[in-house]
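Please read this briefing alongside the sequence and the model. It moves from the overall make-up to selected local features.

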Amino acid sequence: MAYIPTAFNKLKHGFLTALILIAACAVSASAETHYKPRISLGARAGASLSRISLSPSVRQNWLQGTAGAVTFRYTEEKIFGLIAELGWNQRGWSENFSDPNGERNPLMYKRSITYINLPVMTHIYFGTRRMKFFFNAGPEASYMISSNISSNFDYANPTSSPHWPERARMTEQLTMEISNRFDYGITAGAGGEFYLNPRNSISLEARFYYGLGNIFPAKVSDTFSASRCMSLEFTLGYWFRIK
């Protein structure tokens, strides 16, 4: 019955050969479809517009400031990646004392709050090799490093100004100290990226931030039940692919 071991060996060798061929095909297919990880470093800077969502509400204008960051990006799929940043953003608000009918008021009050921020965002992109469009979104944590007030009247005693509006108006926020230096929220942005060559690119982005924390005390007995930061950023960025 010597033919039985021989047949078994042939079957075993054939099975092993088939396994090797299947594994080789799988590796080949994986090599064809796998997208090599890419790591890029960069920086961005530009202008910001901000205001505070107060409840009860206060008439405001958007406050102009600056924003920027050093950036890290990791992409592994063809349309998906992650971005982490360490940057700054000037937030705050500018009060509007003009008459609701449109008559201008010369009074000016601005509160500028500078934050160091750390957003971590999902990065979704699509397009050609030279031009891509992208969408970023994720959580952001911030820490206040300074707060400055600019005014052309005595905001500690605002009613002493001859231009102070006669209609009822909240004034507590003019002198109120910021009690919460730490802020957190959600940020999302969209823009385009143009590749100068395979390793260098420039980008334009518009981004919105909405804070979930309150800068002023928000207990039932406090003046404001909500005081959340909102900001828009418009930045120009540069990326360098290191891998």
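The points below are grouped by topic.

This is a predicted model, in which local features need pLDDT of at least 70 and side-chain atom pairs count only at pLDDT 80 or more, while totals for chains, interfaces and linings use all residues. Residues are numbered from 1 along each chain as its sequence is written, and side-chain values use heavy atoms, with hydrogens and water left out.

**Overall make-up**
- The chain has 2 helices and 9 strands, where helices (H or I, at least four residues) and strands (E, at least two) are DSSP runs numbered from the N terminus.
- Along the sequence these elements follow the pattern α-β-β-β-β-β-β-α-β-β-β.
- Of the 243 residues in the chain, 38% are buried, with buried meaning under 20% relative accessible area, exposed over 50% and partly exposed in between (1.4 Å probe, protein chains only).
- Carbon and sulfur atoms hold 64% of the accessible surface of the chain, which comes to about 14,100 Å² by the Shrake-Rupley method with a 1.4 Å probe.
- Among contacts (heavy atoms within 4.5 Å) with a separation of 6 or more, 72% are between residues 24 or more positions apart.

**Strand pairing**
- Strand 5 (residues 109–127) and strand 6 (residues 131–151) are antiparallel partners over 17 bridges, two strands being paired if DSSP finds at least two bridges between them.
- These two strands, strand 5 and strand 6, form a hairpin with 3 residues between them, and Leu118 has Ala141 in strand 6 as its bridge partner.
- Strand 6 also pairs in the antiparallel sense with strand 7 (residues 182–195) over 13 bridges, and there Glu140 has Gly185 in strand 7 as its bridge partner.

**Two loop positions**
- Most peptide bonds are trans.
- The bond from Ser55 to Pro56, however, is cis, with omega near 5°, and Pro56 lies in the loop between strand 1 (38–55) and strand 2 (60–61).
- Ser179, in the loop between helix 2 (172–175) and strand 7, is partly exposed, with a relative accessible area of 38%.
- Leaving aside neighbours within four places in sequence, Ser179 is in contact with Ile215, Phe216 and Pro217.
- The C-alpha atoms of Ser179 and Phe216 are separated by 5.4 Å, although the two residues are 37 residues apart along the chain.
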